Amino acid sequence: MVTRCRWALALVLTASALSLASGLSLAEEEAEVLPAEWALLHVVQGQIGAGNYSYLRLSHDGKIVLRVRSLRGDVDLYVSDSNLHPSFDEYDLQSSTCGQDMVAIPPTFQRPVGIAIYGHPSYMESEFEMRVYLDRTERLDHFAETNAYSYSEASAGRKQTTGKEEEEDEREESVLWTVLIGVLKLLLEILF
């Protein structure tokens, strides 16, 4: 009985120490001074299940800095300019630390850029906050980039779409993913 009480007390003290340590790291992070050249564009908060991805698209031009903080659990960040649904198998940039993840997207990346936030399987559910910054220290010379490629190379195989068509494609894609996830959840409930 005494051994159980000691073990329970040790467990409570360890949990308290971890909670205090994570609270201090959040306070330190909030007090961190960011470069004056960084302009905050967006703040995205969300939750994600173990082994799942949350996908975002970035269309803003320029050098973009993504900073993701795991509020609970652990998330990893994957970015691609050639794939709108990057993963840990297929990406151009990534950050997969156990703390804050950060990726700097160069202005030369083709837009839209695909962003994936992956919920680490060690946690049933992870909660995150992503801050998107524009780094104004690096200016993009659009004229130099335009001259680097000929018109035929830049537009080869690329379908010209309007903003409305892109919205409809995104909406259809979102509905398909929602239906697919619903079917998978139903199958898992039946099996388990």
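The paragraphs below walk through the surroundings of one serine and then a set of salt bridges in a predicted model. Residues are numbered from 1 along each chain as its sequence is written. Because the model is predicted, local features need pLDDT of at least 70, side-chain atom pairs count only at pLDDT 80 or more, totals for chains, interfaces and linings use all residues, and side-chain values use heavy atoms, with hydrogens and water left out.

Start at Ser95, which is found in strand S5, residues 93-95. Strands here are DSSP runs of E with at least two residues, numbered from the N terminus. Ser95 has a relative accessible area of 9% and is therefore buried; buried means under 20% relative accessible area, exposed over 50%, and partly exposed in between, with a 1.4 Å probe and protein chains only.

The side chain of Ser95 makes a polar contact with the side chain of Asp101 at 2.9 Å. A polar contact is a pair of N or O atoms within 3.5 Å; within protein, one must be able to donate a hydrogen and the other to accept it, and residues adjacent in sequence count only if both atoms are side-chain atoms. The Ser95 side chain also reaches the backbone nitrogen of Met102, at 3.3 Å. Leaving aside residues up to four places away in sequence, Ser95 touches Asp76, Leu77, Asp101, Met102 and Val103, where contact means heavy atoms within 4.5 Å.

Next come the salt bridges. A salt bridge is a side-chain nitrogen of Lys or Arg within 4 Å of a carboxyl oxygen of Asp or Glu, and a search of the whole structure finds five. One of them joins Lys63 to Asp135, with the closest N and O atoms 3.6 Å apart. Lys63 lies in strand S3 (residues 63-72) and Asp135 in strand S8 (residues 125-135), so this pair ties together parts that are 72 residues apart in sequence. Asp135 is buried, at a relative accessible area of 7%.

Arg69 forms a salt bridge with Glu129, the closest N and O atoms being 3.2 Å apart. This pair links distant parts of the chain, with Arg69 in strand S3 and Glu129 in strand S8, 60 residues apart. Both Arg69 and Glu129 are buried. Together with Arg131, they are linked in a network of salt bridges.

Arg72 and Glu125 form a salt bridge with a closest N and O distance of 3.3 Å. Arg72 lies in strand S3 and Glu125 in strand S8, so the pair ties together parts 53 residues apart in sequence. Arg72 counts as partly exposed at 38% relative accessibility, and Glu125 counts as partly exposed at 35%.

Note on methods
Helices (H or I, at least four residues) and strands (E, at least two) are DSSP runs, numbered from the N terminus.
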